[in-house]
Amino acid sequence: MATENPVESLQEEATCPICLEYFREPVILECGHNFCRACISQCWEGSDTGVSCPQCRETVQQRNLRPNRQLANMVEIAKRLSFQAAKGSGGEKVCGEHQEALKLFCEEDQTTICVVCDRSRAHRTHTVVPIAEAAQEYKEKIQAHLKTFREEREKLLGFKGTGEEKSQEYLKQIEKERQKIVSEFQQLRQFLEEQEQLLLAQLEKLDKEIVKIQNENINKLSEEISHLSELISEMEMKCQKPASEFLQDITSSLSRCGKGKLQQPEEISPELEKGLSDFSQKTVVLMETLRKFKGTEKRSRRNRDRPLTP
């Protein structure tokens, strides 16, 4: 039946009534009806006599088939017109085989087809719906997936925000600890420098006191040695004199010999020895503290070099 659209009317006239597709090698029967050569030839399979025309039921002979070249040309024109009409109607895609607009969707093959494809054997038993309806149905499915994706994205954004907040808190805590360490070590360095100066000053004082005592003892010993050397020389010379002369002033000589007794040098005072001992104890404590600190620092270094576990 003719339609109001001349292009669609032409498409119908260019369609084989058997395969419902564009004519392929169209032939005209003696009754005036047209068919694809392959479609009408199937009617004569196994028969040498005439057969009824599928449209008018008149008996026709196979020998009377004639190619309809004008109809073949019209089919090509119909294809081109259909292609141009599809392009001019909003840029719709067209079927590569039939040059028809792809207005239908085959559920089984999951592909868009044209009205000619729908009438073909390939899709005749398939579920075919208008392309707009199929697009709406699949759009709703995609929208459902999009909803799930958006919800998942919101969750991930929440996790990301929470992770960033925790990271910032950790970084602030690390900065506070860094400032504490810097401050503590500054105070520690100041304390150690003060202790160093104090201990060195005490050592310097002990050093001076010991040197002073040592110099005093050396001076006294030198004076005693000099006095004894003079007394020895004097007594040796006296002993070499004759007896009468030797005995003269013998009492004075004996008295001088009695005064020549060695005086012991002054020893280091107990207070000085105690100060030196106390200082040694301080040094032992200092060295032990430094050893413990080095041991702690080595353990901290090993822990620092270990990879962080998530």
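I looked up Leu-188 and found its place in helix α5; helices here are DSSP runs of H or I with at least four residues, strands are E runs of at least two, and both are numbered from the N terminus. The model is predicted, local features need pLDDT of at least 70, side-chain atom pairs count only at pLDDT 80 or more, and totals for chains, interfaces and linings use all residues. Residues are numbered from 1 along each chain as its sequence is written, and side-chain values use heavy atoms, without hydrogens and water.

Leu-188 counts as partly exposed because its relative accessibility is 33%; buried is under 20% relative accessible area, exposed is over 50%, and partly exposed lies in between (1.4 Å probe, protein chains only). I listed the buried residues of α5, among them Ala-134, Leu-199, Asn-217 and Lys-238.

Then I checked the length of α5. Its 109 residues should span 162 Å at 1.5 Å a residue, and the end C-alpha atoms are 152 Å apart, which agrees. The expected span is 1.5 Å times one less than the number of residues.

I turned to the largest nonpolar core, which has 19 residues. Such a core is a set of buried Ala, Val, Leu, Ile, Met, Phe, Trp, Tyr and Cys residues joined through side-chain atoms within 4.5 Å. Cys-16, Tyr-22, Phe-23, Cys-36, Val-75 and Cys-114 touch the most other members. Helix α3 gives the largest share, three residues. A second, separate core has nine residues, including Val-27 and Cys-53.
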